[in-house]
Amino acid sequence: MKDIIMVPGIGGSGETHWQSRWEATDPRMRRFSPSSWDLPDLDDWIAALDRAVGRSKAEPLLVAHSLSCLLVAHWAQRTTHGAGGALLVAPPDPRSAAFPPEAAGFADPPVAALPFPSLVIASSNDPFGSIDYARAKADDWGSQFVDIGARGHINGASGLGDWPEGRAALAEFETHLR
């Protein structure tokens with residue numbers, strides 16, 4: 001079984017976020033560690049993700065949320081490491097009025113296909129990015145795409161709890177990576 005690296009967005013996904021809940025119950029999961037969760041710097045976050053991936057014995061599975069979906073696209077263009085696959089949940093649109101100005105360095109993610117299998121999951125009422133933007137990113141990145149309906153930003157505030165549907169999507173995605 002592959003290592004799983006949790007790649008939260010700004011704020012690091014607090015204790016009510018499904019990423020934190022999953023990580024607490026699955027020993028294969030560990031979190032990447034940038035210098036600051038609140039003042040994201042693209043180069044620092046890429047280096048932190050590269051370190052986390054480099055500590056894996058085999059190419060890990062990445063589970064990214066929000067800003068880190070854009071991070072994974074940038075990282076894939078710069079790294080010498082590989083990933084076994086990526087689950088990319090709720091990619092934010094840098095052109096959105098809701099996009100945090102402190103994350104401006106993450107704008108303009110590459111439009112090239114990712115060099116590993118990927119699945120984008122998006123919500124139809126995400127305040128940080130439209131469903132059309134998420135679908136366009138999935139197309140750019142060569143990703144499968146799933147619209148889960150109106151679930152907000154698919155975070156702790158969305159009331160998803162452990163988000164069993166997301167875990168099931170991850171498990172299904174992982175079965176196709178073997």
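This is a predicted model: local features need pLDDT of at least 70, side-chain atom pairs count only at pLDDT 80 or more; totals for chains, interfaces and linings use all residues.

Entry one, aromatic pairs. I searched the whole structure and found 8 aromatic pairs. One of them joins Trp-18 and Trp-22 in a tilted arrangement, with 4.6 Å centre to centre and 55° between the planes. I place both residues in helix 1 (residues 18-25), where they stand 4 residues apart, about one turn of the helix. Trp-18 is buried at a relative accessible area of 1%, and Trp-22 is buried at 1% relative accessibility.

I then looked up Trp-45 and Phe-106, whose pair is edge-to-face, at 5.4 Å centre to centre and 80° between the planes. Because Trp-45 belongs to helix 2 (residues 42-54) and Phe-106 to the loop between strand 4 (85-89) and strand 5 (118-122), this pair ties together parts that are 61 residues apart in sequence. With a relative accessible area of 1%, Phe-106 is buried, and Trp-45 is buried at 0%. I note that Phe-32, Trp-37, Trp-45 and Phe-106 make up one aromatic cluster.

Which residues of helix 5 are buried? I list Gly-166, Leu-170, Phe-173 and Glu-174; they cover an arc of only 100° around the axis, so they sit on the same side of helix 5.

I find 1 cavity of 30 Å³ or more, and its lining residues include Ala-90, Pro-91, Asp-126 and Ile-131. The lining divides into 5 nonpolar, 3 polar and 1 charged residues.

Definitions and conventions:
Residues are numbered from 1 along each chain as its sequence is written. Side-chain values use heavy atoms; hydrogens and water are left out. Buried means under 20% relative accessible area, exposed over 50%, partly exposed in between (1.4 Å probe, protein chains only). Helices (H or I, at least four residues) and strands (E, at least two) are DSSP runs, numbered from the N terminus. The arc is that of the directions from the helix axis to the C-beta atoms. On a 1 Å grid over the protein atoms alone, a cavity is a set of points where a 1.4 Å probe fits but cannot get out, and a pocket is an open set with protein on both sides within 12 Å along at least five of seven lines; lining residues have an atom within 4 Å of a point. Grid points are joined across faces, edges and corners, and a volume is the space filled by probe spheres set on the points. Ala, Val, Leu, Ile, Met, Phe, Trp, Tyr, Cys and Pro count as nonpolar, Asp, Glu, Lys and Arg as charged, and the others, Gly among them, as polar. Rings of Phe, Tyr and Trp (its six-membered ring) pair if their centres lie within 6.5 Å; planes under 30 degrees apart count as stacked, over 60 as edge-to-face and the rest as tilted.
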